[in-house]
Amino acid sequence: MYMANKANVLVVEDNTDMRTAVTQYLIDNGYVVRSASSAEAALEKDYPSSSDIAVLDISLPGITGITFTKVLKEKGFDGPIIAITARDTVEDKVVGLEAGMDDYLFKPIDLSELVSSIN
């Protein structure tokens with residue numbers, strides 16, 4: 001598969017199996033991926049500063065995906081932010097989008113849909 005750009009993607013997901021699957025699928029599709037199990041870990045390693053796109057779970061321990069989205073925006077992150085979440089109500093989606101997320105994918109996610117959203 002030809003990729004015109006190899007975007008740097010930040011994946012923050014506390015479920016190890018999901019994080020591993022998403023990370024590997026994105027790598028297999030030509031992306032550079034940095035992953036963390038929490039927003040705090042991603043911030044500690046300064047991953048947002050070297051990322052073009054963020055893929056965040058909403059229900060993260062500690063700093064939630066919604067709060068992390070606001071933190072990223074406050075720090076000047078201007079790339080797309082995509083939620084991957086089990087919270088599947090319209091109200092949850094509206095909260096995410098109003099927080100600054102650009103897309104909102106419901107779990108179980110189809111990894112090809114995630115790549116399409118990133119593209």
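A residue counts as buried under 20% relative accessible area, as exposed over 50%, and as partly exposed in between. In this predicted model, serine 50 has a relative accessible area of 29%, so it is partly exposed. Serine 50 belongs to the loop that links helix 2 with strand 3. Leaving aside residues up to four places away in sequence, serine 50 touches Asn8 and Arg34. Arginine 34 lies 16 residues from serine 50 along the chain, and the C-alpha atoms of the two are separated by 9.0 Å.

Aspartate 46 is also placed in the loop between helix 2 (39-44) and strand 3. Its relative accessibility is 45%, and aspartate 46 therefore counts as partly exposed. The backbone of aspartate 46 has a positive phi of about 60°, although the residue is not a glycine. Most residues other than glycine have a negative phi, and most peptide bonds are trans. A cis peptide bond, with omega near 0°, runs from lysine 107 to proline 108. Proline 108 is located in the loop between strand 5 and helix 5.

Helix 5 spans residues 111-118, and its axis comes within 10 Å of that of helix 1, residues 16-28, the two crossing at roughly 60°. Helix 1 is therefore oblique to helix 5. The crossing of helix 1 past helix 5 is right-handed. On the side of helix 1, the contact is made by Ala21, Val22, Tyr25 and Leu26, which meet Leu111, Ser112, Leu114, Val115 and Ile118 of helix 5. By residue class, this contact of helix 1 with helix 5 comprises eight nonpolar residues, one polar residue and no charged residue.

Within helix 5, the buried residues are Leu114, Val115 and Ile118. These residues cover an arc of only 100° around the axis, and they therefore lie on the same side of helix 5.

Technical notes:
Residues are numbered from 1 along each chain as its sequence is written. This is a predicted model: local features need pLDDT of at least 70, side-chain atom pairs count only at pLDDT 80 or more; totals for chains, interfaces and linings use all residues. Side-chain values use heavy atoms; hydrogens and water are left out. Axes are lines fitted to C-alpha atoms, for helices over the stretch in contact, and angles run from 0 to 180 degrees between N-to-C directions. Helices (H or I, at least four residues) and strands (E, at least two) are DSSP runs, numbered from the N terminus. Angles under 35 degrees count as roughly parallel, over 145 as roughly antiparallel, 65 to 115 as roughly perpendicular and the rest as oblique. A crossing is left-handed if the near helix is turned anticlockwise from the far one by less than a right angle, and right-handed if clockwise. Contact means heavy atoms within 4.5 Å. Ala, Val, Leu, Ile, Met, Phe, Trp, Tyr, Cys and Pro count as nonpolar, Asp, Glu, Lys and Arg as charged, and the others, Gly among them, as polar. Buried means under 20% relative accessible area, exposed over 50%, partly exposed in between (1.4 Å probe, protein chains only). The arc is that of the directions from the helix axis to the C-beta atoms.
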